[in-house]
Amino acid sequence: MSTSAPPAPLFGSPYYQDPYPTFAWLRENSPVHEFEFPVGGVRTWIVTRYDDVRALLADSRFSSEGGTWGNTEFREAGLVSGAGSVLEKAITVVDPPAHTRLRKLAMSAFTPRRIEQWRESISRLVDETLEECAARGSFDVMDDYAGVVSSGVLGRILGFRIERHRELVDALTQAFPSDPNLMDQVAEGFSRICEYAAELVADKRRDPGDDLTSALVQAGEDGDRLDDEELVAMVASMIMAGSDTVRAFVGNAALALLDHPDQRRLLCESPDHVGNAVEELLRYEGALSTALFRVTTEELEFAGTTLPAGAPVIAALLSANRDPERFHEPDRLDITRQRSRHVGFGHGLHNCLGAALARMEGEIAIPALFRRFPELDTAIPRRDVRYIENWAMRRLVRLPVATSANDTHS
């Protein structure tokens, strides 16, 4: 018999440390669940079943344009992403036909061929970073490895200085706070990201290089080009999407493999499993807890629930990827799992533009860590491993690890 409430309230401290019991309860008892979002106390709905999450993200009755379709309560709580900045034109928060045009222009620069050209650069950066970790003897996977690799890759690809990465992550924390008392800093967070993107675009206009920002400046399709505000919004979106998500994913994957030594051993002994392993690790514990807000464009019925016009709705990606109606033994990590079709990168029109790059970074960085340090182990008790309290991202605060003498001198 079920209880009348989730084991841990949504978006509270216990939930952030282990959201899965709450997701299991919601899938079983309240798959389209109404609750008060912690910022502003706004009436919000969260969707937790795999089929419903995919249906929601592909349903044109749900808009990404919160400033246009969101109700007064939602807008006045400051929950419209990028409100008052050029980010209102960002590819992540506009609907077709504007979204279709922006995605087409972005893809003309973000091509599979260009992504493949980054493979050697990523491998070299990973190797250099691992040697620095080896010299330390013990290190933090989040700050000394995953963070260095993700910021280094983003810097090389977009053409910005790596030392600005920490500053950008701080700005992201300001832009997406979980603490309602910090909502007055949201506008400043978005403003800092946009200012940096504008500086970068101006710099690449003056002095173009072999990087994605320069390619976006030059990108065109059928005589169409991105204007200045669209360019800044596009680069700012890529900074937001790429600054911390790859770091989070590599850290989550490292912890999952430390928790499952049989899977870690299989990955090291069978390189052919790498592609499958990355897909399974994205399913098991990806970087995105949820997709960004969708809002209803009209009163509508969804999965048996009536939603009012302008209602904010959240797709719970982590929950969908652990739905037993879709995945056999969903709480078990199995890097040989086939055809998972997870939603770790979202689904529908707004699926992640940089998914191919993120996959490549995972395929290189995750097995390399365990090949370099076969005897790697956590350096703190497992119960002391904590996650940040952010409603949209699943990321470890830190993951201290220790190498063996054999690993360090190999």
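Helix α3 (residues 50-57) lies across β2 (43-47), β3, β7 and β10, and runs at about 125° to β10. Helices (H or I, at least four residues) and strands (E, at least two) are DSSP runs numbered from the N terminus; contact means heavy atoms within 4.5 Å. Axes are lines fitted to C-alpha atoms, for helices over the stretch in contact, and angles run from 0 to 180 degrees between N-to-C directions. The model is predicted: local features need pLDDT of at least 70, side-chain atom pairs count only at pLDDT 80 or more, and totals for chains, interfaces and linings use all residues. Residues are numbered from 1 along each chain as its sequence is written, and side-chain values use heavy atoms, with hydrogens and water left out.

**Sheet**
- An open sheet of five strands has the order β1-β2-β10-β7-β3, with mixed pairing; two strands pair if DSSP finds at least two bridges between them.
- β1 (32-36) and β3 (62-63) are the edge strands, each pairing on one side only.
- Strands β7 (residues 294-296) and β10 (residues 312-315) run antiparallel and are joined by two bridges.
- Val295 has Pro312 in β10 as its bridge partner.

**Helix packing**
- Helix α15 (residues 261-269) packs against helix α18 (residues 355-372) at an angle of about 95°, and their axes are 10 Å apart.
- α15 and α18 are therefore roughly perpendicular to each other (65 to 115 degrees; under 35 counts as roughly parallel, over 145 as roughly antiparallel, the rest as oblique).
- Arg264, Leu267 and Cys268 in α15 meet Ile366, Pro367, Phe370 and Arg371 in α18.
- The residues of this contact between α15 and α18 divide into five nonpolar, no polar and two charged.
- In this classification Ala, Val, Leu, Ile, Met, Phe, Trp, Tyr, Cys and Pro count as nonpolar, Asp, Glu, Lys and Arg as charged, and the others, Gly among them, as polar.

**Cavity**
- A cavity is a set of points on a 1 Å grid over the protein atoms alone where a 1.4 Å probe fits but cannot get out; lining residues have an atom within 4 Å of a point.
- Grid points are joined across faces, edges and corners, and a volume is the space filled by probe spheres set on the points.
- The count comes to one cavity of 30 Å³ or more.
- The largest cavity has a volume of about 80 Å³.
- Of the 14 residues that line the largest cavity, Tyr15, Tyr16, Ser289, Asn390 and Arg394 are the closest to its centre.
- The lining of the largest cavity divides into ten nonpolar, two polar and two charged residues.

**Backbone**
- Pro96 and Pro97 are joined by a cis peptide bond, with omega about 5°.
- Pro97 is in the loop between α5 (72-76) and α6 (98-109).
- Phe11, a residue other than glycine, has a positive phi near 60°.
- Phe11 is found in the segment before α1 (13-17).

Methods. 1 Å grid on protein atoms, 1.4 Å probe; cavity = no way out; pocket = protein on both sides within 12 Å on 5 of 7 lines; lining within 4 Å.
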